[in-house]
Amino acid sequence: MRVWRSTTVRVASGRAGAVATWRPALAALALGLLALLPRTLGLADYFTTDEAYHWITRTERFSAALAAGRWGDTLLTGHPGVTNMWLGSLGLALERSLLGAGLIESPSPVEHLAWLRLPGATLQAMLVPAGYLLLRRLVAPFTALVAGALWATSPYLIAHGRLLHLDALLTSFVTLSLLLLIPTNDRRPKTEDEAPDCEGRGESALIGSRSSVLGPWSLVGSAVCGGLALLTKGPALVLLPFAGLLTIVACSVQHAAWRRPRSVIYHLQSAFPRFALWLGVALLTVVALWPALWAEPGRALARYAGEIVSNGGRPNGDGQFFLGRAVADPGPLFYPLADLFRTTPLALVGLLAYVGFGIWDVGSWIRAGQARLKSNIHNPTLLVLLAFVLFWTLVMTLGPKKFDRYVLPTWPALLVLSAAGLTRIADRLAARDTARASGRIEGYDRQRRVGRRSSVVGRWSLAGLVLAAELSQPLLVHPYYLSYYNPLLGGGTVAQRTFLIGWGEGMDQVGAWLRARPDIGYGPVLSALGRTLQPFVPVDVRDVEDYGRLPANYAVVYLESVQRGAHPEIYRALQGTVPLHRVVIHGIEYARIYQLPRPFATPLDARFGTGLTLRGVTVERAPGRITVTPAWDVRTPPAGDYHAFVHLLDAQGRRVAQVDAPPGGGDAPPTGRWQAGQQIAVPLPLELPPALPPGAYRLTLGLYDTASGARLPLTAGTPADPAVAGEHALLLGTVEIP
């Protein structure tokens with residue numbers, strides 16, 4: 001009997017061990033898939049401004065320099081963006097290999113961009129489960145799982161993770177470096193059930209276990225990630241002092257745990273070799289992966305430092321927008337408010353819960369007079385992450401140049417804090433259910449089993465809620481993840497009145513609408529973000545500054561340009577008429593498309609009816625013919641179908657020639673189907689009688705209903721004499737017939 005019981009215990013223990021081993025791996029795999037799909041599906045969507053103007057070309061030049069062994073030519077920007085260009089070059093090599101093998105056709109510009117984006121997006125997805133596994137060393141497993149789900153499905157992180165850009169890479173490298181640098185505590189409960197309640201779970205080494213050691217491999221891994229962050233973008237320098245301080249604190253707490261009280265000098269001396277090793281490995285990583293340092297280290301480092309000073313140390317040269325007005329520096333409220341708007345509802349609830357429970361626990365600790373604050377909210381790992389969020393945000397706030405993505409490296413830490421708040425809510429709900437069940441069940445063992453079962457059910461119910469709620473958020477905005485703003489705070493409708501919005505998203509829809517226009521070939525299109533639009537239209541896209549300098553057909557007014565207050569005179573002129581089309585994505589009006597007025601020789605500013613404006617007219621004379629070309633601006637389409645008439649009157653008021661024709665041309669839709677915002681200019685040829693005497697003649701123009709013959713009222717402009725020209729006829733001017 002004893003042997004049977006011993007065997008049963010060993011089998012049960014083996015099964016539990018297998019479950020404990022495979023459960024994190026399966027969770028990591030699920031999180032990886034959850035992160036991979038939204039980051040890699042549909043990458044051929046639109047161009048951001050930085051991709052179109054900088055990173056595509058830089059990646060191609062970087063790849064060419066590597067292939068030719070021109071190491072100095074890999075210095076393309078001071079950011080330095082090396083990791084981004086390495087990953088983009090990998091995508092470029094993959095594209096060329098498949099193209100050479102005949103497996104794909106020659107890609108379009110946006111498909112080419114998708115190949116460049118693919119390796120970086122895939123890496124971003126792979127680093128999410130890596131972060132989850134690192135978090136399991138530091139916090140309760142369930143908190144790590146919720147944090148991983150929030151990380152994988154955050155629309156804001158997904159948006160940047162899909163781009164050929166720097167901030168998402170910087171975020172991942174900084175976060176992994178920080179998580180690897182926080183030492184673990186071997187006495188942390190291995191499963192949720194080992195901890196009697198939520199207090200004290202997942203405590204890191206900073207609590208003071210004798211086994212609290214920052215392992216050499218963790219230190220080296222953290223340094224490698226730190227070096228990759230430095231290779232990505234200059235703000236990674238912010239990580240260096242924080243890493244040094246964290247190393248000192250870890251050493252001092254470790255000495256305290258070993259019952260070896262030492263002086264501050266001793267702690268510094270103990271931490272110095274570790275931090276020196278960290279710095280050495282980080283710098284070695286930088287040198288190994290940046291070929292420009294092999295050939296021209298002085299120029300590369302000068303460019304690196306110059307980028308930080310010249311770019312980050314000044315307000316954005318194109319202007320900023322915050323709280324409804326154009327500003328140079330948005331000020332200290334910018335980043336906290338931007339972070340709140342970028343959260344999902346569930347993440348926001350978790351952050352509020354973390355703050356609220358943190359304050360409550362401190363108050364309870366003070367009232368109880370305990371020697372030590374025991375709370376999962378005050379887990380030292382969470383306090384380290386909170387300190388990092390505050391430190392990074394403060395440094396970014398001190399600089400005058402601000403974009404919401406500049407604090408993106410704090411986002412995984414923020415989501416871990418949110419997960420801790422959500423876990424605390426689940427624990428409180430489970431504890432309440434356990435208390436109710438315990439009141440109806442007798443026996444200590446049954447109470448314990450019921451309590452444990454209730455806690456597990458509560459946690460997994462929360463996990464299902466997190467997954468369903470968070471997964472729905474990116475699905476609602478695919479592929480325009482940058483347009484996501486927290487619906488609890490008003491979503492995009494409020495955000496567009498609060499923040500600078502628009503990085504090129506929506507230009508694909510602008511291009512699709514323009515391509516469908518029958519008159520798209522009439523002339524070029526004007527846009528302030530020409531390179532983000534050019535791949536989507538078959539005509540030349542010129543800068544908006546060319547307005548008035550050359551004939552153009554359409555102009556695209558992008559929200560970002562209007563918010564910044566760029567070129568106010570040009571945009572005021574463009575917005576003087578009605579937009580033909582608006583591109584609205586998730587409540588944000590990204591772009592307005594205007595058709596530009598047709599050229600005319602003589603301005604008139606006349607109006608027929610309530611909204612049909614005649615901006616001007618061009619009169620051309622030829623032997624036996626006068627051609628009148630009115631330039632119509634459709635503010636409000638006429639209610640019926642009208643024809644235009646042009647009459648030529650002699651000095652006595654007699655009509656000597658006339659033409660009647662649809663004002664939009666014979667093949668165009670009738671006036672009743674005109675669209676507000678259209679600009680129409682169709683020549684109306686007036687054939688002259690052969691024996692017309694020379695002299696001065698008056699030209700009149702009007703519109704009449706083809707069914708009733710009633711003329712459309714002339715509501716503005718110089719009317720012709722109704723006694724000779726009839727009512728509602730516009731006097732165009734006098735023509736001399738030689």
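## The chain overall

What share of the 738 residues in the protein chain is buried? In this predicted model, buried residues come to 53% of the chain.

As for who touches whom, take the contacts with a separation of 6 or more: 74% of them are between residues 24 or more positions apart.

## Helix 4 against helix 7

Helix 4 covers residues 109-136 and helix 7 covers residues 167-181; their axes sit 10 Å apart, and the packing angle is about 20°. Angles under 35 degrees count as roughly parallel, so that is the label for helix 4 and helix 7. The crossing of helix 4 past helix 7 is left-handed.

Which residues make the contact? Helix 4 brings Leu123, Gln124, Leu127, Ala130, Gly131, Leu134 and Leu135. From helix 7 come Ala168, Leu169, Ser172, Phe173, Leu176, Leu179 and Leu180. Sorted by class, this contact between helix 4 and helix 7 has 11 nonpolar residues, three polar ones and no charged ones.

## The nonpolar cores

The largest nonpolar core holds 146 residues, and the members that touch the most others are Trp278, Trp290, Val510, Leu514 and Val525. Trp278 is worth a look on screen. Leaving out residues up to four places away in sequence, Trp278 touches Ser177, Leu181, Leu219, Ser222, Ala223, Gly226, Leu239, Leu240 and Ala243.

Another core, of 32 residues, lies apart from the largest one. Val617, Val646, Leu688 and Leu730 are among its members.

Note on methods: Residues are numbered from 1 along each chain as its sequence is written. This is a predicted model: local features need pLDDT of at least 70, side-chain atom pairs count only at pLDDT 80 or more; totals for chains, interfaces and linings use all residues. Side-chain values use heavy atoms; hydrogens and water are left out. Axes are lines fitted to C-alpha atoms, for helices over the stretch in contact, and angles run from 0 to 180 degrees between N-to-C directions. Helices (H or I, at least four residues) and strands (E, at least two) are DSSP runs, numbered from the N terminus. Angles under 35 degrees count as roughly parallel, over 145 as roughly antiparallel, 65 to 115 as roughly perpendicular and the rest as oblique. A crossing is left-handed if the near helix is turned anticlockwise from the far one by less than a right angle, and right-handed if clockwise. Contact means heavy atoms within 4.5 Å. Ala, Val, Leu, Ile, Met, Phe, Trp, Tyr, Cys and Pro count as nonpolar, Asp, Glu, Lys and Arg as charged, and the others, Gly among them, as polar. A nonpolar core is a set of buried Ala, Val, Leu, Ile, Met, Phe, Trp, Tyr and Cys residues joined through side-chain atoms within 4.5 Å. Buried means under 20% relative accessible area, exposed over 50%, partly exposed in between (1.4 Å probe, protein chains only).
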